[in-house]
Amino acid sequence: MENGDRAGAGAGAVGSAGSLGLRVGQAVFSSASLLFMSVGVEFFSYTAFCFLVTIMGLVIPWSCTLAMIDVYSVFVGCPLRVPGVMFIVVVGDWVLSVLSFAAACSSAAVIDLLLEFHGSQCSPRFCGRYQLSAMMAFLSWFLTAASAIFNFWFVASM
């Protein structure tokens, strides 16, 4: 295949402008989730919240590193097309996507349980921040899953 034939397959793959947008979104939503969960809130009382903070803490450097690669690739015009590196990116995206989804779901379940007790276990200020954090984690997961699918599609078409 020639490069022109594969242009559509790499639309969201590493080294493209689409990937840059996805990575910046992941970093922003992961950072927001981490900030809503950890600033001024006692999240460490619940394991699910600690799990969310840990996973968002892993997604941020992963997304920022790949965003820097995307910036270089977009501005220099030399996209990353090394099969071994692309395989690592695909595996990393899938692992972080699954972990992000698990962390967001577990946090949302704990929040729902806390609210089920009519706020007796959670003040409205804290529960609202927990909910925002879980929502941002779901948005980050969605973008991470999209990156994983685009990169897998690209690797499968190489």
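I started with F49: skipping its neighbours within four places in sequence, I find F49 in contact (heavy atoms within 4.5 Å) with M37, F43, S107, V110, I111, L114 and Y130. This is a predicted model, where local features need pLDDT of at least 70, side-chain atom pairs count only at pLDDT 80 or more, and totals for chains, interfaces and linings use all residues. Numbering runs from 1 along each chain as its sequence is written, and side-chain values use heavy atoms, with hydrogens and water left out.

Next I looked up the cores. A nonpolar core here is a set of buried (under 20% relative accessible area, 1.4 Å probe, protein chains only) Ala, Val, Leu, Ile, Met, Phe, Trp, Tyr and Cys residues joined through side-chain atoms within 4.5 Å. The largest has 20 residues, and M37, F49, L52, L114 and Y130 have the most contacts inside it. Helix 2, helix 3 (83-116) and helix 4 (124-157) each give this core at least two residues; the largest share, seven residues, is from helix 2. I also noted a second, separate core of seven residues, including A13, L80, M86 and F154.

G77 follows helix 2, with a positive phi near 85°.

Notes. Helices (H or I, at least four residues) and strands (E, at least two) are DSSP runs, numbered from the N terminus. Buried means under 20% relative accessible area, exposed over 50%, partly exposed in between (1.4 Å probe, protein chains only).
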